[in-house]
Amino acid sequence: MASTENSSQRIEPGSSRLPPVAWPASATDTSVDASATAARIITSLNQALSAKNYRAVADLFVEDGFWRDHLAVTWDLRTLRGRANILTFLEAKCNLTSIEIDSSSDIRKPQVASFSPTEDVKGIYFFITLTTIHGSGRGVVHLVQEPDSSEWKIWTIFTSLDEVNGHEEPLGARRTKGVQHGGLPGRKNWLAKRQHATEFIDSEPAVLIIGAGQAGLTAAARLKMLNIPTLVIDRHPNVGDSWRKRYDQLVLHDPVWYDHLPYLDFPAWWPVFTPKDKVADWFDSYAKLLELDIWMSSELTSSTYDTSTNRWTVTITRSTTTTTTTTTTTTTTTTTNETRTLHPRHIIQATGHSGPKNLPSIPGMSTFGGTTLCHSSDFPGASPLPPASPAGSKHAIVVGACNSAHDICQDYHEHGYSVTMIQRSSTCVLTSAAALKLVVGPLYSESGPPVEDADLLVWGWPTPILKTVQADLTKLQVAHDAELLSGLEKAGFKLDRGVDGGGIFTKYLQRGGGYYIDVGTSQLIVDGNIKVKQGVEITEVLPHGLRFADGTELEADEIVFATGYANMRTQARLIFGDEVADRVGDVWGYDEEGEMRTIWTKSGHPGLWFHGGNLALCRYYSRVLALQILADLEGLDK
C-alpha cells in the first residue's frame, strides 16, 4: 500500500506514452472558400485511389500528417503518422475505393474553424462518406495551410466502416415486417418465437458474450442488427444488477447526452445524471426492447478452443426459477439447475473494463473488530448512527481518492460519521459544472450535434492530437475550478492534471482511473468535514483502525478500500485459464500508434474479444467490434 510519486504520469504497464503534438500554424487565408478547397483535395484523393497511386495520396498530406482508420482501409484499427508511413500502409492493403464530402448538415459541411479550444489555430474541417470494397462508412478530415507555400494539405483524415454490403442494419426503410399474414398451420406468435430463439434449443449462437452490463448489451445489440445469433450470459439474477447492487448513492457522473446507447437514446425528459438503479432499469428495458437473447443466473464453467474447427466448446451452468400458483392462496417457487454445452465461434468478455477487485492484503485484516472492512464494490452504503448517538461518534476510513472513494466518503458524512480519506497518490479533479461546460459540453449537450457526429469528431482525432485538445480543455477547466482546487490543496489534497496535462479523459484512457468529477465531496474536504491523510503507506490493520508507516494511527469502525480493479487479462485468466490468458495481450492503454491495446480489436487468441468501458466508449466501439466479428464469420478479412 505504498504511495506513488508523480502518479499523474502513471500509465498502464507496457503501454505507450504518446505525448501531445504542437498545433500547426493557423491558416493565413481564413476567407478561403472551404467547400471548393475541400472538393479539390477530395477529387485529387479519389483520382489517386482509383489509379492505386498511393504515393500521390500520401503527397496530399502535410509531412507529419495523420491517417486514422477503423476498418475502412484494412480490417484493423490503425493510426499512421507521416507521409512515409501512410504510403506503406496504403501499399500493403487498401480496401477504400472512394470518398465524398458530406454537406448534409451545417456541422458536417466544409468550414473554416478553430481546431484548438484555447489557441487561434484555424483550418478547414469537414465530414466525409466513404465506399470500400466491403461496404460504406463515414469520417472526418482536417486541412491546414502550409506556411511556406500557402497550399492546403490534409493534416488528419479519419475513415471508419459503418456497414458491410449485404449485411445492412434493418433500420428505417429496411425494417422487418414483424408478422406473417395468412393461414399458416402451427404459426407461432411473437412471444413464442422469442422464447424459442432465446433458449437456443435447436440452434447455436455464433457469439457468446460474458456479462450483461453496458458492454455486453451494446455488443449484443450491434450483433443483433447484423443478424448474428448471439447469447449473453450473466451471473446475476436480473439484467442491470451489476449496477443495481452497487453502493446506494452511486450516480453516473457523465451527463445523459454523453451516455446514449446504440439505437435507443435516453428520452428527452431523462435526468442529466442517472442514478444507478435507474441505469439498471434502463438496461433491463433496453435488453427487452432490442430483443436480446440473455441467460441470467448463468456462468461459464469450462471452455476449450479447437483450432481445427475455429470453435469454442463451452459449458454453461444456468439456474432458472419458475413460480406456479397451486391454489388461490398458495404459490410454489422451483429453482432448476441446468448445464448446457455450446459451440460459439467467438466469445466476448464483457465483464467490465477492468478485472477482479484490488483488495490489498495487509497484516492484521483478520483482527479488525469493526462492523465493515470491504472493497468499494461490496460497500452496501453507510448505516444511520444508532439513536441518540452524537455526530462523529463512529469513524470511517476510505482508502482511495477517486470517484468511488469520494462518493463513499460523502455517504458516510451524510450519515453522521467522522470520515477520513486516505489519498495514496494525486488525483485529477474537475467540477461537474466544468465537465458540462468545457470538457463534455462542447459536443455532448442539449443543443449539441447528433451523438454519432460527436463521436466522429472525438475519435476522428488521432491520439496525440486528442491529447493536445484535452490538455487545452484542462487549462480552461483548471481556471474555471481555481477556487475549489486551491481549497483542496490547502486541505492537504494532492492534485494533478493527468498524463501530459491531458486531464481526466486521457487519464481514463491511459490508466483507467485516477480522477474525480466533483459532485459535492470536494467542498466537504475544503471545509474540513472530510479529513485527508495523504501519501503515507498503511502498514497494519488494527482491531480498532489503521497504523501507518509514519507511526500514526487512525481509529475506525468501518474501512472501505476504494482501490480499483485489476486488468481485464486477469479476469480472463480466471475465466479461461492460463493457456488462453497467456496468449492475449495486456488490455487498456495505448499501443505505439495510439490505438487501445487488445480491447475492441484482436486479442491475441483466436475467437476471443474484450469489450468494456463507460457507456460512451461502449456505444462507439461496439460497432467496431461487431463488424470485425462479421468480417471473420463471412471471411471478409482474409
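## Report on the predicted chain

Asn337 has its place in strand 13, which covers residues 331-342. The model described here is predicted. Asn337 counts as exposed, because its relative accessibility is 59% and the cut-off for exposed is over 50%. Leaving aside residues up to four places away in sequence, Asn337 touches Arg318 and Ser319. Thr321 is 16 residues from Asn337 along the chain, and the C-alpha atoms of the two are separated by 8.9 Å.

The overall build of the chain comes next. The chain has 17 helices and 25 strands. Its radius of gyration is 26 Å, and the globule rule gives 26 Å for 638 residues, so the chain is as compact as a globular protein of that length. The C-alpha trace spans about 80 × 75 × 50 Å along the principal axes of the chain. Of the 638 residues, 54% count as buried. The accessible surface of the chain comes to about 26600 Å², and carbon and sulfur atoms hold 50% of this surface. Among contacts in the chain with a separation of 6 or more, 68% are between residues 24 or more positions apart.

Helix 5 runs over residues 214-225, and at 1.5 Å a residue its twelve residues should span 16 Å; the end C-alpha atoms are 17 Å apart, which agrees. Eleven of the twelve residues of helix 5 are buried, so the helix is largely enclosed by the rest of the structure. The buried residues of helix 5 include Gln214, Leu217, Arg222, Leu223 and Met225. Also buried in helix 5 are Ala215, Gly216, Thr218, Ala219, Ala220 and Ala221. Asn227 follows helix 5 and has a positive phi, near 60°.

Aromatic side chains form a further topic. The whole structure holds 24 aromatic pairs. In one of them, Trp23 and Trp155 have ring centres 6.0 Å apart and planes at 55°, so this pair is tilted. The pair links distant parts of the chain: Trp23 is in the segment before helix 1 (34-50), whereas Trp155 is in strand 7 (residues 152-164), 132 residues apart. Trp23 is buried, with a relative accessible area of 12%. Trp155 counts as buried at 5% relative accessibility.

Trp155 also forms an aromatic pair with Phe115, and this pair is stacked, at 5.9 Å centre to centre and 15° between the planes. Phe115 is in the loop between strand 4 (111-114) and strand 5 (122-132), 40 residues from Trp155 in strand 7, and the pair links distant parts of the chain. Both Phe115 and Trp155 are buried.

Elsewhere, one aromatic cluster is formed by Trp459, Phe505, Tyr508, Tyr515, Trp588, Trp600, Tyr620 and Tyr621.

| Charged residue | Ring | Distance from the ring centre |
|---|---|---|
| Arg246 | Trp243 | 5.1 Å |
| Lys533 | Phe548 | 5.0 Å |

Asn337 is exposed in the model, whereas helix 5 is largely enclosed by the rest of the structure. Trp155 is buried and takes part in a tilted pair with Trp23 and a stacked pair with Phe115.

Key:
Residues numbered from 1 in each chain as written. Predicted model: local features only at pLDDT ≥ 70, side-chain atom pairs only at ≥ 80, totals over all residues. Heavy atoms only, no water. Phe/Tyr/Trp six-rings, centres within 6.5 Å; stacked < 30°, edge-to-face > 60°. Helix = DSSP H or I, 4+ residues; strand = E, 2+ residues; numbered from the N terminus. Buried < 20%, exposed > 50% of the residue type's maximum accessible area, 1.4 Å probe, protein only. Lys NZ or Arg CZ within 6 Å of the ring centre and 35° of its normal. Rg over C-alpha atoms; globule rule 2.2 N^0.38 Å. Contact = heavy atoms within 4.5 Å. Areas by Shrake-Rupley, 256 points an atom, 1.4 Å probe, with all protein chains shown as cover. Expected span 1.5 Å × (residues − 1).
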